[in-house]
Amino acid sequence: MKRGIHLWLLAPGLLLLAMLMGGPVALLALESLKPFIPGSMRPGEGWTLAHYRELLQPAYLVYFWETFRIGLIVSTLSLLLGAPLAFAAVRSPRAAVRKGLLALLVGLLVMSLIARLYAIEMAWGSLGPLAPLGALLGFAPRHPRYAEVLVGIGLLHFTLPVVALMLVGTFRALSPRLEEAAASLGATRSDAVVSILLPLAAPGLVSAFLVALAMCISNFVAPLVLGRGVVVFTTSLMYTRFADIGNYPSGAAIGITMLILAFLVVYGLSALARRLVPR
Amino acid sequence: MARIIASPAVNRRALLGGLAGMAGAGPVFAQPRGEQLLVVMWGAQWIEVCRPIGEEWMRATGDRIQWELHAGGAMAVVGRLRPLWPRVPQNLIAAWDPVFAAMMEAGWMEPVSETEMPALREIPDAFFKKDAQGRKMTVPLSTAGAFWGYRTDLVTGPPIESIEQLLEPRFRGKLCVPVPVNLSGLLLVSLAMQRGGNERNIEPGWQFLKQLAERGQIGRVVANNSEMINAMSAGDLSVAFWNTGGWQAVRDRFPCRLLTRLPDNKGFLFNEGFAVMKGENANRVAAAKRFANHFATAPINTRYNMPLGSGPTNINSTPAPAIADIFYKPDELERFAYIPDYAYMSSQVDAWTRRWETEITPLVRRG
Amino acid sequence: MKVALDLAARTLARLAVLAAVLFLLVPLLVACLLSFDDRSFLGAFPPQQFSLRWYRAFASNPTYLDGLLISLQLGLVAALIATTLGTLGALALMDPRLAGRDALEAVFLSPKFVPTVVIGFSLLVFTARLGIFDPFTRLVMGHVVITLPFTLRAVLASLIGVKRSQIEAAISLGASEARALWDVAVPAARSGIVAGAAMAFVLSFDEVAVSLFLSDAFTQTLPIALVAEMRANLNLTIAAVSTVFLAATLLLLLLLDRTIGIERLAGDVGARG
């Protein structure tokens, strides 16, 4: 009887995921094993692992590594900036500050990412007024690797509001009395935050980090708009295969590899976090 | 359900189409019902010159023209349409030689004839792509080219007379080049020819390209017209390899020199135009042919090519003054221009792209 | 010493907040300024002459307005479906005794970690095989998949406070299991449902990679219209678009603050993690 209702409640969602994600991804996995015939519109006969083998070349491993490296840096930064931001938005004694910060975060969520990325190109690009600031990160604005800085900035602009809002939820769930209690025991405010609040918020911090990482590695517009053709994410490689040269089997192989890696990293990291920070 | 929900936007467009029809007044008013055509065009100046031509056509005929923009190179449309074929809504696709070859191989294109499209009589036979039975398959609108060139206001020192000079330190980080998908790899062919190769002997091109990338000469890799135009307008890049249309937009703003007469290398010529797509709706295909024919007529052909810096194909059209650069006399044609095997190139783009990803991008990134 | 350290830590935190705010705001302000640039290309900052040419270009291009309409419709439909399915799923997953609960939750959340390019392309091929060519249907399919994890998570988060015992109590009073859930859990989940729906709408409204594959020229979302315009016509129309976006967002926020209250709204949206 009870089992019955659970089944009915879960069935629509699971069915939808099976149909619209499971089915297509399985089809894609099959496609990735087909040979590609250059210049032809049809896949070849038989089966092959060549598209996966190709990805083991050092150059392609570098693309995977670059995607994850930039993703990890940006997720870390968004946690470092997002936590104080969220904390201020929840605990600032001034209502105007709280409201202003929340309005900014919600506002950014509503604003189109494309428009924001374009704004970043104008502000931080090699002609932008902020370019000298960006150059402090080690690459002159005209250097090809400055594109990495640009893509990182774009991704951070994308993840930071999301991370901060998630942490607003986390911090709000924690009672301010905890810090007051710590203070009454003689701890300074920053002490109280570090020793009491942060451990309690750890699961929220971990999940915000993972969401940010997932957002970065599957993002595709930031490298497209800001990458100058030099910063190539695996998503961009995939897109080129699918859309520009019509090599579906190879694009499918990259997609499947990326999917497996993303799951391994995200679930691996969350398992690790669960071990380090017991709930 | 989805259709019902989606309909307001469609109705709005229909309404606009109707209004446009009425604005024309006169006899036009008598035929408000026309075909809806989906035409794929390049962005930048291409779409800017086409939109008013399309609006006039809508007023005159009652047909409705919806423009779709190529995202990146024209080849991308082939990749995007493949899974959908034959259920594709596009009626006309602006494309050029390699893309024509790919679409012809797929059997997507409708043959064109002078009886249906009288303006084709005024276009020399040599410009058409033909199928195995010798039927004309394309509507050639322009003769365009791809060349090296540079902004003379930014390049100091001796002028560029050979692309070997691009290895000099003064061009470090100054080169703007297309990805191999774009222009179907003409950049590589150009570099290969500099070192004694061609499209079928491409290896020397890779070696030259690697040298350029290793020395940090390549500052920017672009994937479409607007990226090239913007990159070359910004002022941090001074040399590029690109098509005449992109160059024309840069030349409108800054002094440029196109290297169309290099003593030790050649420029490339190709045809751009429309492919008429096969379709189930015969009336719509006929309307698409009428619209393409309109572009082939001398006055529209002149107007279309003017801002693109390309040569008109209709013998009665007037070429733009700007194309003097690529207007070769017959004896020059042999010396300075080259028409590679575009069909062969389009079959190599996949392999070239991977090689670019594995060998060139890592070098370019190092700067 | 301890006090000095505390002061230093707090100053550092304040600086971080300030840096974050500036980082988020400055590009938007630069874009606003550039949207009035009279030059026909992206030139050096600051602009020398100002005009409204990019706003005129924006207004005279119907693609954006059509895209906006499609995006709004798509966001609403996708949010409605995803919220319904997510709420149902969450009501089942809230039961701690459900066998394989963690695995089921992971399945529901999995689309979050599938690269959207993969979802978009595989759905394109899949729907073509099934003979589904209507772009709006395809778009709804893709957008429901990517928004479902967020609605489920938001509803689950709001259900944390609901004790199983409360539902048991309702059942012992004679309600059916479904009735008990409807009377006890659903009201408690209201804020999560609203937040999930809002998040789903926002995500769908801003989606690019999935829509890029599933749109066509007649049914194009606003972000796709923007991408197409940007790739084909990189000019300052986009700056004008972002400024209009910014103004509309500010207006919306003012309105929201007057009606729901910005703090409550942000709390609900933030709970979706």
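## Briefing: chains A, B and C

In β2(B), residue Q66(B) is the bridge partner of L38(B). This is a predicted model, in which local features need pLDDT of at least 70 and side-chain atom pairs count only at pLDDT 80 or more, while totals for chains, interfaces and linings use all residues. Residues are numbered from 1 along each chain as its sequence is written, and chains are lettered from A and ligands numbered from 1 in the order in which they are written. Helices (H or I, at least four residues) and strands (E, at least two) are DSSP runs, numbered from the N terminus.

**A strand pair in chain B**

- Strand β1 (residues 36-41) of chain B runs parallel to strand β2 (residues 64-69) of chain B.
- Six bridges join β1(B) to β2(B). Two strands pair if DSSP finds at least two bridges between them.
- Between β1(B) and β2(B), the chain passes through helix α2 (residues 45-61) of chain B.
- This β-α-β crossover is right-handed. The term applies if, with the strands pointing away from the viewer, the path from the first strand over the helix to the second runs clockwise.

**Where chain B meets chain A**

- On this interface, 33 residues of chain B are in contact with 25 residues of chain A. Contact means that the C-beta atoms of two residues, placed from the backbone, lie within 7 Å.
- Four elements of chain B each supply at least two residues of the side that touches chain A: α3 (75-81), α4 (97-106), β6 (218-222) and α12 (342-366).
- The largest share, twelve residues, comes from α12(B).
- The side of chain B that touches chain A divides into 14 nonpolar, eleven polar and eight charged residues. Ala, Val, Leu, Ile, Met, Phe, Trp, Tyr, Cys and Pro count as nonpolar, Asp, Glu, Lys and Arg as charged, and the others, Gly among them, as polar.

**Where chain C meets chain A**

- Here 80 residues of chain C are in contact with 80 residues of chain A.
- Helix α1 (residues 2-34) of chain C gives the largest share of the side of chain C that touches chain A, with 18 residues.
- That side of chain C holds 62 nonpolar, ten polar and eight charged residues.

**Chains A and C as a whole**

- Chain A has twelve helices and zero strands.
- The C-alpha atoms of chain A fill a box of roughly 75 × 65 × 30 Å, taken along the principal axes.
- Chain C has 13 helices and zero strands.
- For chain C, the box filled by the C-alpha atoms is roughly 75 × 70 × 35 Å along the principal axes.

**Helix packing in chain C**

- Helix α3 (residues 62-93) of chain C packs with helix α9 (residues 190-205) of chain C at an angle of about 140 degrees, and their axes are 8 Å apart. Axes are lines fitted to C-alpha atoms, for helices over the stretch in contact, and angles run from 0 to 180 degrees between N-to-C directions.
- α3(C) and α9(C) are therefore oblique to each other. Angles under 35 degrees count as roughly parallel, over 145 as roughly antiparallel, 65 to 115 as roughly perpendicular and the rest as oblique.
- The crossing of α3(C) and α9(C) is right-handed. A crossing is right-handed if the near helix is turned clockwise from the far one by less than a right angle, and left-handed if anticlockwise.
- Residues making the contact include S71(C), G75(C) and A82(C) of α3(C), and G196(C), A200(C) and F201(C) of α9(C).
- The contact of α3(C) with α9(C) has ten nonpolar, seven polar and no charged residues.

**Helix packing in chain A**

- Helix α3 (residues 58-91) of chain A and helix α9 (residues 189-217) of chain A pack at about 140 degrees, with axes 8 Å apart.
- α3(A) and α9(A) are therefore oblique to each other, and their crossing is right-handed.
- Among the residues in this contact are F68(A), G71(A) and L79(A) of α3(A), and L205(A), F209(A) and L213(A) of α9(A).
- The contact of α3(A) with α9(A) divides into 13 nonpolar, five polar and no charged residues.
- Helix α4 (residues 95-110) of chain A packs with helix α7 (residues 146-173) of chain A at about 130 degrees, with axes 9 Å apart.
- That makes α4(A) oblique to α7(A). The crossing of α4(A) and α7(A) is left-handed.
- L105(A), L108(A) and L109(A) of α4(A) meet P161(A), A164(A) and L165(A) of α7(A).
- The residues of the α4(A) and α7(A) contact divide into six nonpolar, no polar and no charged.
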